[in-house]
Amino acid sequence: MVDVSAKADTRRLAVAEGRVRMRPETVALVRQHALAKGDVLTVAQVAGIMAAKGTASLIPMCHPLLLMDVQVNLETEEQGVAITASVTTIGKTGAEMEALVAVSTAALTIYDMCKAVDKTMVLEGIRLVRKEGGKSDWAAAETAGVPGEPTRGE
């Protein structure tokens, strides 16, 4: 781990996104809550929140953080499910990994719950789209579907 003890505590926000691409028939089953394993979107949302809280136990050099807020939003689209996670903390290091782990775990949960009916699913586009706090604020050039305004495009 990196020593962050000399850094000041600041409010930190990280937003990540990703998608699970699937057949339209599978999206219909997700929307209808018609899959054998249950309500895909609710289970994936809870899995993403739990994963964000446990990030330091999964990523070896990641600092354990006291999370103030974790939001995982899932929206069905014609070709799959869009996932956005935002994580807020107050501390010496950012919450980027927590947001990315939340999106990744939600996507994997969707895959697990739908794999019996669709082996063609693809997890894609998992990325950080915004971070605030610490030395600098940053936002990806394209932040479509992410709440709030970008602080700096790159």
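Visitor: Which residue is the bridge partner of Val15 in β4?
Guide: In this predicted model, Val15 is bridged to Arg130 of β4. The pairing of β1 (residues 10-21) with β4 (residues 122-132) is antiparallel and extends over eight bridges.

Visitor: And what stands opposite Arg130 in β5?
Guide: Ala139 of β5 stands opposite Arg130. Strand β5 (residues 138-139) runs antiparallel to β4, and two bridges join them.

Visitor: How many residues lie between β4 and β5 in the hairpin?
Guide: Five residues separate β4 from β5 in that hairpin. In the turn, Gly133 has a positive phi of about 105 degrees.

Visitor: Back to β1, then. How many bridges join it to β3?
Guide: Twelve bridges join β1 to β3 (residues 80-91), again in the antiparallel sense. Within this pairing, Glu17 has Thr84 of β3 as its bridge partner.

Visitor: In what order do the strands form the sheet?
Guide: The open sheet has five strands in the order β2-β3-β1-β4-β5, with antiparallel pairing. Because β2 (67-77) and β5 each have a single partner strand, they stand at the edges, and one side of each has no neighbour in the sheet.

Visitor: Turning to the helices, which strands does α1 lie across?
Guide: Helix α1 (residues 24-31) lies across β2 and β3, at about 125 degrees to β2. Helix α2 (residues 40-53) also packs on the sheet, where it touches β2 and β3. The direction of α2 makes about 150 degrees with that of β2.

Visitor: Which residues of α1 are buried?
Guide: Thr26, Val27 and Val30 are buried in α1. Seen down the helix axis, the buried residues of α1 fall within an arc of 105 degrees, so they line one face of the helix.

Visitor: Why would such spacing put residues on one face?
Guide: An α-helix has 3.6 residues a turn, so residues three or four places apart point the same way.

Visitor: What covers the buried residues of α1?
Guide: The cover includes α2, β2, β3 and α4 (96-114).

Visitor: What follows α1?
Guide: His33 follows α1, and its phi is positive, near 55 degrees.

Visitor: A change of topic: how many disulfides does a search of the whole structure find?
Guide: The search finds zero disulfides.

Visitor: Is Cys62 buried or exposed?
Guide: Cys62 is buried, because its relative accessible area of 11% is under the 20% cut-off.

Visitor: And Cys114, buried or exposed?
Guide: Cys114 also counts as buried, at 0% relative accessibility.

Terms used
Residues are numbered from 1 along each chain as its sequence is written. This is a predicted model: local features need pLDDT of at least 70, side-chain atom pairs count only at pLDDT 80 or more; totals for chains, interfaces and linings use all residues. Side-chain values use heavy atoms; hydrogens and water are left out. Two strands pair if DSSP finds at least two bridges between them. Helices (H or I, at least four residues) and strands (E, at least two) are DSSP runs, numbered from the N terminus. Contact means heavy atoms within 4.5 Å. Axes are lines fitted to C-alpha atoms, for helices over the stretch in contact, and angles run from 0 to 180 degrees between N-to-C directions. Buried means under 20% relative accessible area, exposed over 50%, partly exposed in between (1.4 Å probe, protein chains only). The arc is that of the directions from the helix axis to the C-beta atoms. A disulfide is a pair of cysteine sulfur atoms within 2.5 Å.
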